[in-house]
Amino acid sequence: MKPYILQCTLAFVAFHASGAAEPLSFNRDIRSILSENCFACHGMDAKHREADLRLDLPEEAFKKDKDGASAIVPGNPDESKIWQRITATDPDDVMPPPESHKKLDASQKAIIREWISQGAVYQKHWAFEAPVKPAGEGIDHFVGEALNAAGLQFSPEADRPTLIRRVSMALTGLPPTIAEVDAFLTDARPDAYERLVEGYLTSSHYGEEMARHWLDVARYGDTHGMHLDNERQTWAYRDWVVGAFNRNLPFDEFTIEQLAGDLLPNPTQDQLIATGFNRCNVTTGEGGSINEEFIFRYAVDRASTTAQAWLGLTAGCAVCHDHKYDPITSKDFYSLYAFFNSNADPAMDGNALLTAPVLKVKPPDYDSKMQAFDERKTAIERRMSEAAKTLIYNDPANEVPLPPAQEVEEVWMDDAFPDGAKVMASGHPVTFVDTPVLSGKKSLKRSGEAMAQDYYQEGAQPLTVPGEPKFFLHVYLDPADPPEEVMIQFNTGEWRHRALWGADIIDFGTKGTPERFVAGALPKPGEWLKLEVDGASMGLTPGMKVSGLAFTVHGGTAYFDKMGVAGLMDPARDPLRSFTAWLQEQEGKDTPGIADDLKALLKEGAAKKLNPDQLKRLREHYLQNVCSTTSEHFAGIKSELAAVVKERADYDGSIPSTFIWNDLPQPRESFVMIRGQYDTPGEKVVPATPAVLPALKQENERANRLDLARWLVAPENPLTARVTVNRFWQQIFGTGLVESSHDFGTQGSLPSHPELLDWLAIWFQENDWNVKALIRMMVTSQTFRQQSIAPAESWARDPGNRQLARGPRFRLDAEQIRDQALFVSGLINMKAGGKGVNPYQPPNIWEPLAFGGSNTRFYKQDTGDDLYRRTLYTFLKRTAPHPLMSNFDVPAREQSCIRRDRTNTPLQALQLMNDVQHFEAARAFAARMIHENDTDYGRVVLAFRAVLSRPPSPEEAAAVVAFLQRQKARYAAAPDDATKAITFGESQPPADIDAAELAAWALVANLILNMDEAIVRN
C-alpha cells in the first residue's frame, strides 16, 4: 500500500473508531486520492482537461453545469456527480475510467463520501502555505507528542559504542578510531556526547561528508556526459562545496553564491567558483547537433534543477504543458527558464577540458609569484639592452656599394625546434634522444603504428625562404622498425607544402601537387642520410614566411636531425640581416613579440617618421630577436630569458581553471515553447517566478538571477526552508520527514510530522540558516540517540520508522563503505581536494562505451597513494561510473538527484568480498591486527572495535577464532594459495609476517568488513 493511502486509511479508521468530531482534512486525507486518480484529467492542465471539469479548485468543483448539477455538492454526496460516477458500475460511467488503470478502493471511496458530507472543505496545498510556528520547542517535543498520540514512546538511548559509530559516520563518513571510542567510553562529563559531536563538526572530514550529498543535487561530474564524454575541469567547484560546509557558510549565502555569485558586488574568486553549480549539467559537442536545441535544453535543465533543489517541485513537468498535478503553468516554467536562458557558455562544449566562461583558480601567492617572474624577466631584458649598447652593427642596406648576394645555409632544426615554438605531437610525446645523433647533442625520435608526427604552427619567429632554396634534412631509419614513409611539411598560414620519401600513403594534400611531392625512395635503414628537395617542388618561393614545421612518419621509427635550407642571400634585402629591410617587410603586418605601441608603428609602415626613442627600441628588438648576424651576441642572455619565460608559463599553466557562469551582455528573448519544442516559440515571457508562490522582489525592470536567489531564501517563501531542512533530515535519519524529498507537490508524500517540519523550517531561518547548528540539533536529539533495536511487532507496525519510535538504521552509502575499509586498514590517503583519481576497477568498462576520439576512452588506473584517496575524489565519468558507485546506488549525475535509492543485490556482496580494493584493504587490516596485538583473541577484539566500535560477544569471538584456525590450516597446506591471497593490489604485504598467517587473517578481516553491522548505520 502506498504511504499516502495508508495515511488516509489510518486517519479514516481512527476518525470512526474514536467517534471524534474532528473533520477530515483535504490536504491530509483527500488531496492525495484526487491527485493520484483524478487530476490528470480534471486538474489544472487545460489542454488535457476532460468534460471542462476541474476538481482541484472548489469554485470549479461546486459550479453547476447546464443541467444544474454539480460535481460536488457540499454536505450532500448523493447529489454530487463525483460520488455518482465513482460508485457507478457501468464501465462507460465509472470514474476513474477502466482505461486509466486506476481504481478507488472501498476505504478511499468512504473517505471521499465522508469529506463531502462534512462540507467538502478545500485547502491550499500545505507546501504552498507559509509555515506556522507551532507551540512547543525542539525536535524531541514534536516527536514525543506524536508518539504519545500513537500510544508509543521513545526507545532507550543506544549504547555509547553504537552512538559514536552512528554519529561519526553521519558527520564524517568515517568510523571512529579505537582511541576516540575509548575516550568517549571513559568520558564521565554530562556533556560528553555534545563534546563528541562538536569535534566531528569541526573536522575537515565533515565538509567532505556533507558535500557528497549536495553534489548529487548539483549533478556534479568530471566529464561532459554526452557524445565523447570527455573530461571537464570543474573539480574546483566540488572543493568549494566541501569548503563551504566546513566554514559553515549560511545556507542562504550558499544558495545566492551558487545561483548568482557573479552578480554580487565585486565577487570574490570563491563566489565565482560557486556559480559552477549551473555549469555542472550534461553538455555535448557532437557534430550535427543543433545550437538552438541545446541552448534550450541547458536552460530547461538549469530551471528544473533549481526548482527541485530549492523548492522541491517537479517544475520540469511543465515543459510541454501545464503541470497536471501542481499549480505550475507552462508560462510559470518558462518564466523561471528565462533566468537561465542568457547563459554565455556555448551550446557545443567543444569536447574540451575547459569551455568558456572559465576562471583560473589562483592560489593566494599567485600574484606575488607572477610578479617575481616578471621582475626576473625585466632584469634580464635590462641586461640585454646593456649588451646591445656594446654591439657594432652595420645595416647592409646602408653600405655603398651594396654587398653582393651570397650562398648561405641555414639550420632550422637541430637539437630543438625554433625558440618559442609550441610543439605538439601525434603519437608518443615529443622525444629528443642522445643516440643516434648526427649533429649537436640530440636527434628527434618519431614512431607510430600509422601516421605519427611532431609539429608546431605557432609561437616561433617566422623563417624566411632564401633565393633558389634547396631544403635538406638528415634521417636515420631504425633497421628493426623501418617506417613505410617519411615526410617533411611546411606551414605558411596553411599546410600546403610537403615532400615525402617512400610509399606515399600519408593522406595529406593532393597527390601530384606541391602539397604532396614525392621526392624519392626511403633511404637505407641503419645509417644517417641527407635528403634534399628543391623549394620550388613544394611551392616554397623566395621571401615566403614559414611559421610551422612537421616531421612525419607512417609505421615504424625514424630519427630526424639537422634540418634546414641552402640558397642565395642578398644581405641588403634580407630582413634577417638588414634592419631597413625588416622595417619595410613589417608594413601592414602584426609583428609578434613586440610592444603594442611599436607593433602599431610597424604596421603603419617604415615611411612614418620615428622619434629617436622609438627607433632605438625597434633597433634593440631587431638586434636581440630578429637579426641572424647578431643573435650569437645575445645567445646566453636569451637562453636565460627563455628559461624564465618557460618557468613562468609552466607555473601559470599548472594553475587549474574551472567552469563559471556568466550571462550574455544582451539577454536572449524567452518564450513558452509549444509542446516543449525548441523551435516552436509561443507567448513571450520575462524572468519571473511561479504565480502560486509569493511575488518576486526585483531591483531593476528585468529580474535577474540574484533576484531569484534572494527570493528563494526570502522569509515569505514557504518552500525553501522546508525543503532544505527535510533534505538534511533525510541525510541524518535516512528518510525525510517528507519521504518524497524531491517532490513537495500534490503528488508527493505528506509530512510524517508536519508541525516538526514547520518548526525546523522557521528555526533554521531565525538562526541565520546555520547548517552546523541544524545538524548539531538533529544529532544531539533524543530522537537520533535512540537504539535502533525494537521488538518485531514494532518493525512490523512501522517498517520505515516513519513514527520515529526507534533510532535510524540503514545501509551505508557507497562512499562510506569503501572509505571505511580503507580507513580501518590504514591504507587511506586523507589528502583533500584536487583532480579526481582513478582507483582500481575491473577492466574494459570505459572502453566499450567510448567513441574513438574520446580522451576518456581508456581507463588509466592511478598508482601509489592516489589509489587510496577518499571516494569523494574518485573521477566520475558520467557514461561509465565506477562500478562500486553504480552497485551501491550512486547516481551517474546526469541529472539532479535529491534522494538515492538503497538497493540490496548479490552484486554488492560479491563486490565487497572479491573486489581488489576491498580485499587489499582486508589484507592491510589483517597486517594491522597482527602488528598491534599478540594473541588471536586480542586481534579479533581489535578488529571488531575498529570496524564496529564494540568488542565481540564471547560467541562471536569463538566463531571467528574457529574460522581463523580453519583458514590457517588451509593456507599452511597450500602456500602458493596463501601467496596469491596476499598479493592483490599495489601495496606490498609486510615481509615480517608469514604468508599463510597473513592470508588467514585477511579472510577474517574480510569477514568482519562484510558483516551486516559493518555496512549498516545502526
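Visitor: Hi! What kind of model is this, and how are residues numbered?

Guide: Welcome! It is a predicted model in which local features need pLDDT of at least 70 and side-chain atom pairs count only at pLDDT 80 or more, while totals for chains, interfaces and linings use all residues. Residues are numbered from 1 along each chain as its sequence is written, and side-chain values use heavy atoms, with hydrogens and water left out.

Visitor: Let's start with charges. How many salt bridges are there?

Guide: The count comes to 70 salt bridges. A salt bridge here is a side-chain nitrogen of Lys or Arg within 4 Å of a carboxyl oxygen of Asp or Glu.

Visitor: Why would such side chains pair up?

Guide: Side chains of opposite charge can pair when their charged atoms come close.

Visitor: Which residue does Lys331 pair with?

Guide: Lys331 forms a salt bridge with Glu683, and their closest N and O atoms are 3.1 Å apart. This pair links distant parts of the chain, since Lys331 sits in helix α16 (residues 330–337) and Glu683 in strand β16 (residues 681–685), 352 residues apart. Helices (H or I, at least four residues) and strands (E, at least two) are DSSP runs, numbered from the N terminus.

Visitor: What about Lys389 and Glu386?

Guide: Their side chains meet in a salt bridge of 3.2 Å, N to O. They are three residues apart in helix α17 (residues 366–389), so about one helical turn separates them. Lys389 counts as exposed at 56% relative accessibility, while Glu386 is partly exposed at 44%.

Visitor: Why does being three places apart matter in a helix?

Guide: An α-helix has 3.6 residues a turn, so residues three or four places apart point the same way.

Visitor: And which residue does Glu494 bridge to?

Guide: Glu494 forms a salt bridge with Arg496, with the closest N and O atoms 3.6 Å apart. Elsewhere, salt bridges that share partners join Glu209, Arg212, Asp216, Asp813, Glu815, Arg893, Arg900 and Arg902 into one network.

Visitor: Some of those names make me curious about helix α11. Where does it bend?

Guide: Helix α11 (residues 204–217) bends by about 25 degrees at Ala211. The bend at a residue is the angle between axes fitted to the seven residues ending there and the seven starting there.

Visitor: How many of its residues are buried?

Guide: Twelve of the 14 residues of α11 are buried, so this helix is largely enclosed by the rest of the structure. Among them are Glu209, Ala211, Arg212, Trp214 and Asp216.

Visitor: What happens at the ends of α11?

Guide: Ser203 caps the N-terminal end, with a side-chain oxygen 3.0 Å from the backbone nitrogen of His205. Just after α11, Arg219 takes a positive phi of about 50 degrees.

Visitor: New topic: loops. Where is His753?

Guide: His753 is in the loop between α23 (720–733) and α24 (754–766). His753 is buried, with a relative accessible area of 5%. Not counting residues up to four places away in sequence, His753 touches Phe142, Val143, Ala146, Leu737, Arg802, Gln803 and Leu804. Contact means heavy atoms within 4.5 Å.

Visitor: And Ser342, is that buried or exposed?

Guide: Ser342 is buried, at 6% relative accessible area, and is found in the loop between α16 and β1. A polar atom of the Ser342 side chain lies 2.9 Å from the backbone nitrogen of Arg668. Leaving aside neighbours within four places in sequence, Ser342 is in contact with residues including Asn662, Asp663 and Arg702.

Terms used
Buried < 20%, exposed > 50% of the residue type's maximum accessible area, 1.4 Å probe, protein only. Polar contact = N/O pair within 3.5 Å; in protein donor to acceptor, adjacent residues only side chain to side chain.
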